Amino acid sequence: MNRNVLVCGGAGYIGSHLCEWLAAEDIGVVVFDNLDGGMAAQARWGTLVTGDLRDPRALEALFAAHRFDAVMQLAGRIVVSESVRDPAGYHEHNVVGTRNLLRAGAAHGAPPVVFSSSAAVYGDPQYTPIDEAHPCVPVNPYGATKMIAERMLADFEVAHGMRSVSLRYFNAAGASASGLIGESHRPETHLIPNVLRGHAMAVRLTSSAMTIRRPTVPVCAISSTSQTSAGRISRRSRTCGMAVRRSR
Ligand SMILES: NC(=O)c1ccc[n+]([C@@H]2O[C@H](COP(=O)([O-])OP(=O)(O)OC[C@H]3O[C@@H](n4cnc5c(N)ncnc54)[C@H](O)[C@@H]3O)[C@@H](O)[C@H]2O)c1
């Protein structure tokens, strides 16, 4: 094993699947997570360091103790409705937390960053399918924090040569083929687990006067794209869309 990756938020839903994927590729994994929304039991691969992105000293100690070939940033708050009620909290975790991470990384070799952004940066779709040329006009604090973090990444590349890719995905779904981990959030706000638990939820979404069925992105596709992105980051920061298939 010669490559080592930091996975912030690796005890969460997508992060844990990514860690399993990386470990299967014989890539060393260090998980950094405050276990606020994630679970230690899901951080089964690599080393778990419990800490908070809002704590610069914890991040300094993390980078001083390990050499990272890449950083995958998935840690943060993720519930849109909560972000509307508590914008300060969302900016604190998602913007300040990401800034602290980038600052620590820049001081320790500026490893490339794969950032879990969100399709929420686009706001209400002006056309579909959304492509990367679509205007970014987020309509809630969650989407705004992702957009600000993307901008910071671009600034860090100019200042520190820290390359990055932002993946603007949405509605991750599914479980690991190993059966060891699956779709799980705390609290569970996502559609499929709640439907499986028998919670009655409206599934019809309206967008620009058009009723759509809710598309999903398989969590294994996010894992493989994150790994590929880390390997392919060129000298310029880029935004990488993800192919999305509409669910039937
Ligand atoms: N789930 C989706 O459909 C989806 C879609 C688009 C983007 N994303 C993004 O992907 C990432 C992962 O999403 P998820 O569904 O796995 O969510 P999740 O809540 O399961 O994982 C987030 C993890 O971040 C940790 N965390 C939160 N704040 C932290 C902090 N300040 N310091 C350290 N750790 C912290 C939590 O404990 C949790 O383990 C998020 O950034 C989210 O915005 C998710």
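Start by selecting helix H1 (13–24): Tyr13, Ile14, Gly15, Ser16, His17, Leu18, Cys19, Glu20, Trp21 and Leu22 are buried there. Buried here means that 20 or more other C-beta atoms, placed from the backbone, lie within 10 Å of the residue's own C-beta. Ten of the twelve residues of H1 are buried, so the helix is largely enclosed by the rest of the structure. You are looking at a predicted model, in which local features need pLDDT of at least 70 and side-chain atom pairs count only at pLDDT 80 or more, while totals for chains, interfaces and linings use all residues. Residues are numbered from 1 along each chain as its sequence is written. Helices (H or I, at least four residues) and strands (E, at least two) are DSSP runs, numbered from the N terminus.

Now show what surrounds H1. Its buried residues pack against strands S1 (4–8), S2 (28–33), S4 (70–73), S5 and S7 (172–173), and against helix H7 (219–232); contact means C-beta atoms, placed from the backbone, within 7 Å. From its first C-alpha to its last, H1 reaches 17 Å, close to the 16 Å expected at 1.5 Å a residue; the expected span is 1.5 Å times one less than the number of residues. Asp26, which follows H1, has a positive phi, near 65°.

Next, select S4. Ala70 and Met72 point one way, Val71 and Gln73 the other way, and all are buried. S4 pairs with S1 in the parallel sense over four bridges, and Leu6 stands opposite Val71. S4 also runs parallel to S5, joined by three bridges, with Val113 in S5 as the bridge partner of Val71. Pairing requires at least two DSSP bridges between the strands.

Move on to the ligand. Of the 29 residues around it, Gly9, Gly12, Gly37, Gly38 and Ser116 come nearest; a residue is near if its C-beta, placed from the backbone, lies within 6 Å. Which helix gives the most to this shell? H1 does, with three residues.

Last stop: helix H5 (residues 141–160). Its 20 residues should span 28 Å at 1.5 Å a residue, and its end C-alpha atoms are 28 Å apart, which agrees. The buried residues of H5, including Tyr142, Met147, Leu153 and Phe156, pack against helices H3 (80–85) and H4 and strands S5 (113–116) and S6 (164–167). Finish at Gly161, which follows H5 and has a positive phi, near 65°.

Methods:
Contact = placed C-beta atoms within 7 Å.
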